[in-house]
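Look over the model shown below.

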Amino acid sequence: MSAPEAPETPAPPLPEAVSRHRALFRAIHRRKNPRLRQSDITVTEEAQVKRAVKATALGNAMEWYDFGVYAYLAVIIGKEFFPSGNDTAQTLSSLATFAAAFLVRPIGGMFFGPLGDRVGRKKILALTMIMMSTATLAIGLIPSYASIGVWAPVLLVLCRMVQGFSTGGEYGGAATFIAEYAPDKRRGFWGSFLEFGTLIGYTVAAVLVTTLTVLLSDDAMQSWGWRVPFMVAAPLGLIGLYLRMKLDESPAFQKMEEGDGPAAERQKKSLRESFFGQWRAMLLCIALVAAFNVTDYMLLSYMPTYLTQLGFGETGGLMSIVVVMLILMALINSVGRLSDRVGRKPVLMAGSVGFFVLALPAFLLIKQGGTVPVFAGLLILGLALVCYLGAMSSSLPALFPTDVRYGSLSIGFNISVSLFGGTTPLVVAALIGATGNDLMPAFYTMLAGLVGIVAVAAMKETARKPLEGSPPSVATDEEARELVESQRA
């Protein structure tokens, strides 16, 4: 008995059929690919984009100020909130508490991300700002272990988890907000300001901690001086909240809300698609963020502790990092603009290859000690990192369509940060303790660079293209007219 024949797939139209019925096939093509009208194109004037970028980047600066302050004061916090005895155990306990905040970040991403796709980006970004600044202020008010015993570390961990939960909705929303405001041709440039905010947060934290360390005695710093940077979070948070509340919703979200179909259906799809509909993009996001955050936290969070353990002066180490960050701040927007011209992939690949090839020489320089070798090693790592800083904020939102962008990006980003980024200081410190090899940070950085190489090779180029699920975005009405006219060519 012969097997049943498989159903035949319809053959594409023959060239002679197309030539005989040219008008019919042209009409079919137009129906499937309708021409853009000028009203379909989003026009965002530069003044609007600047306001959105300013408010969003300040919030990101606030986030990383919080994390930077904790990282730079990890040794003091260990002595203040954990039982005395072994200095190494206190530092590891402090770093473990630092990492604990990252355990709840995916939960925050799962909560705030899909909510941001339903109710809007602006409202969620205002809420995360309130939670972050309040939790940071609270850390500065917690009594020491000597005063309240075990409740001190319990309250510290609780505040860190509130920070982590709120931060779960911060980066994904901030990157989405800027990407949806920026014109397609300049998304890399405007997106780079988000990471510019990151560097500002770290720099302000480092400068403030260094200033207090220089001006105060060791006893004063340990007893009350360390609390001052956490207290500063309150006014910074109020400024950021004010700026965010004055913003309009992102143009892409407004266009989606004005689209066809009941809003409730889009909301249900948004929640479902955030979890189950974007697996390839989600895996790619996790890999890119792993490479980015391991190297980011290695240089900006763990390095002060590493330099102290090598015997390099605490103040000298912080000032070297501050100078490197100032150099990166001077370069980051140029790197973002470069990614608009040559593409995101070449810029990200340069950073990944840089970490894989240069991490070991950089850490060998740092191990030599002395101001010049340490600074040179930090600068090498910083120049590789700036490739990520300049292009990542515009690359990640472009992985996902508009109706699930906030949710999918927040979930993927925070899963990766929790597993690989926030645990970097603790993992590297534990590896050094287990092996006795103080070059373990270099090998860990090389591994992150290798992951980056594979991930960048697998991603699609998105520079100068509209975001998926959104109409083209331009800076002027003239550009919109030119885009419409180009369809008739």
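## The H19 and H20 pair

How are H19 and H20 oriented to each other, roughly parallel or roughly antiparallel? The model is predicted: local features need pLDDT of at least 70, side-chain atom pairs count only at pLDDT 80 or more, and totals for chains, interfaces and linings use all residues. Residues are numbered from 1 along each chain as its sequence is written, and side-chain values use heavy atoms, with hydrogens and water left out.

Helix H19 spans residues 344-368 and helix H20 spans residues 371-395. Helices (H or I, at least four residues) and strands (E, at least two) are DSSP runs, numbered from the N terminus. The two axes come within 8 Å and cross at roughly 160°. Axes here are lines fitted to C-alpha atoms, for helices over the stretch in contact, and angles run from 0 to 180 degrees between N-to-C directions. H19 and H20 are therefore roughly antiparallel. The classes are set by angle: under 35 degrees is roughly parallel, over 145 roughly antiparallel, 65 to 115 roughly perpendicular, and the rest oblique.

H19 passes H20 in a left-handed crossing (the near helix is turned anticlockwise from the far one by less than a right angle; clockwise would be right-handed). By class, their contact has 22 nonpolar, 7 polar and 1 charged residues. Nonpolar covers Ala, Val, Leu, Ile, Met, Phe, Trp, Tyr, Cys and Pro; charged covers Asp, Glu, Lys and Arg; the others, Gly among them, are polar.

## Phe-363

Phe-363 lies in helix H19. Its relative accessibility is 0%, so Phe-363 counts as buried (buried is under 20% relative accessible area, exposed over 50%, partly exposed in between, with a 1.4 Å probe and protein chains only). Phe-363 and Val-374 are 11 residues apart in sequence. Their C-alpha atoms are 8.4 Å apart in space.

## H3 and two partners

Helix H3 (residues 46-72) packs with helix H7 (residues 121-139) at about 25°, their axes 10 Å apart. H3 and H7 are therefore roughly parallel. Their crossing is left-handed.

H3 also packs with helix H10 (residues 170-181), at an angle of about 165° and with axes 10 Å apart. H3 and H10 are therefore roughly antiparallel. H3 passes H10 in a left-handed crossing.

On a 1 Å grid over the protein atoms alone, a cavity is a set of points where a 1.4 Å probe fits but cannot get out; a pocket is an open set with protein on both sides within 12 Å along at least five of seven lines; lining residues have an atom within 4 Å of a point. There are 5 cavities of 30 Å³ or more. The second largest cavity holds about 70 Å³ of space. Its lining includes Thr-42, Glu-180, Asp-184, Arg-187 and Ser-473. That lining divides into 4 nonpolar, 3 polar and 3 charged residues.

The largest pocket holds about 300 Å³. Volumes are the space filled by probe spheres set on the points, with grid points joined across faces, edges and corners. The pocket is lined by 17 residues; Ala-398, Leu-399, Lys-460, Thr-462 and Glu-468 lie nearest its centre. Helix H17 (residues 279-309) gives the most to this lining, with 4 residues. By class, the pocket lining has 8 nonpolar, 3 polar and 6 charged residues.

## Arg-464

Arg-464 sits in the loop between helix H23 (440-458) and strand S2 (473-474). Its phi is near 65°, a positive value in a residue other than glycine. Most residues other than glycine have a negative phi. Arg-464 has 46% relative accessibility, so Arg-464 counts as partly exposed.
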